[in-house]
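Please examine the structure shown here.

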Amino acid sequence: MLMEDSRALAVRYDLLIREEMAGTARHDREMAMNAKKQLQQCSDPVEKLRLQCLSRGSAGIKGLGRVFRIMDDDNNRSLDFKEFAKGLNDYGVLMEKEDVEACFKCFDKDASGTIDFDEFLMALRPPMSNARKEIIAQAFRKLDKTGDGVITIEDLRGVYNVQHHPKYQNGEWTEEQVFRIFLDNFDSPNDKDGIVTKVEFLNYYSGVSASIDNDAYFILMMKSSWRL
């Protein structure tokens with residue numbers, strides 16, 4: 001009986017992972033296409049930057065954050081204009097110099113000559129209702145089995161038995177690879193560390209959220225994906 005329960009749980013989480021990846025890939029494609037279309041008619045500098053990030057998929061904004069963090073040699077978590085412009089250029093953002101300057105001024109609210117890049121990334125994130133933020137937080141709490149504020153392979157070991165995963169069974173993937181493929185779904189394509197923080201999880205789903213107009217549909221999608 002216990003073996004049957006374990007097998008049923010493994011199958012359920014295998015389906016969850018496949019559904020989540022398939023659903024995310026579909027939403028990513030839709031969002032990327034919509035962002036590219038909107039970008040053609042956009043004139044607001046901040047919205048131009050947001051749309052260029054979203055055109056890269058759900059991890060686009062987080063990927064920009066990674067670039068800025070790599071540049072933050074003194075760990076003061078702030079950027080001056082030169083660093084800001086270089087970060088955008090390194091990430092492949094195409095913007096006129098005057099738009100980059102206008103963006104920086106918009107985020108440098110106290111005119112100090114620097115911006116806090118955590119606050120910048122939060123402001124760049126597409127707006128979400130409190131209802132959407134709460135359902136995303138619920139999903140994160142469900143996955144964060146250890147309660148340490150990050151989702152890691154150890155958390156997944158507590159909810160998913162890889163022995164019944166087809167690619168584990170045929171020897172194509174190791175246990176570690178099954179878990180990493182799942183976590184990589186939420187990570188930046190250029191810097192995958194196998195750790196998903198609450199902010200990264202929220203940033204990721206803010207990208208998915210941008211492609212869904214209706215709150216009720218987004219919440220239903222999250223509940224269905226994560227069995228909330």
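Predicted model: local features only at pLDDT ≥ 70, side-chain atom pairs only at ≥ 80, totals over all residues.

Residues are numbered from 1 along each chain as its sequence is written, and side-chain values use heavy atoms, with hydrogens and water left out.

Helix α11 (residues 198-209) packs with helix α12 (residues 215-226) at an angle of about 125°, their axes being 11 Å apart. That makes α11 oblique to α12; angles under 35 degrees count as roughly parallel, over 145 as roughly antiparallel, 65 to 115 as roughly perpendicular and the rest as oblique. In contact (heavy atoms within 4.5 Å), Y205, V208 and S209 of α11 meet F218, M221, M222 and W226 of α12. The residues of this contact comprise six nonpolar, one polar and no charged.

Rings of Phe, Tyr and Trp (its six-membered ring) pair if their centres lie within 6.5 Å; planes under 30 degrees apart count as stacked, over 60 as edge-to-face and the rest as tilted. By this rule there are eight aromatic pairs. The rings of F68 and F84 have centres 6.0 Å apart and planes at 25°, so the pair is stacked. F68 lies in helix α3 (residues 60-71) and F84 in helix α4 (residues 81-90), so the pair ties together parts that are 16 residues apart in sequence. The rings of F201 and Y205 have centres 5.1 Å apart and planes at 70°, so this pair is edge-to-face. Both F201 and Y205 lie in helix α11, four residues apart.

Technical notes. Axes fitted to C-alpha atoms, helices over the stretch in contact; angles between N-to-C directions. Helix = DSSP H or I, 4+ residues; strand = E, 2+ residues; numbered from the N terminus. Nonpolar A, V, L, I, M, F, W, Y, C, P; charged D, E, K, R; others polar.
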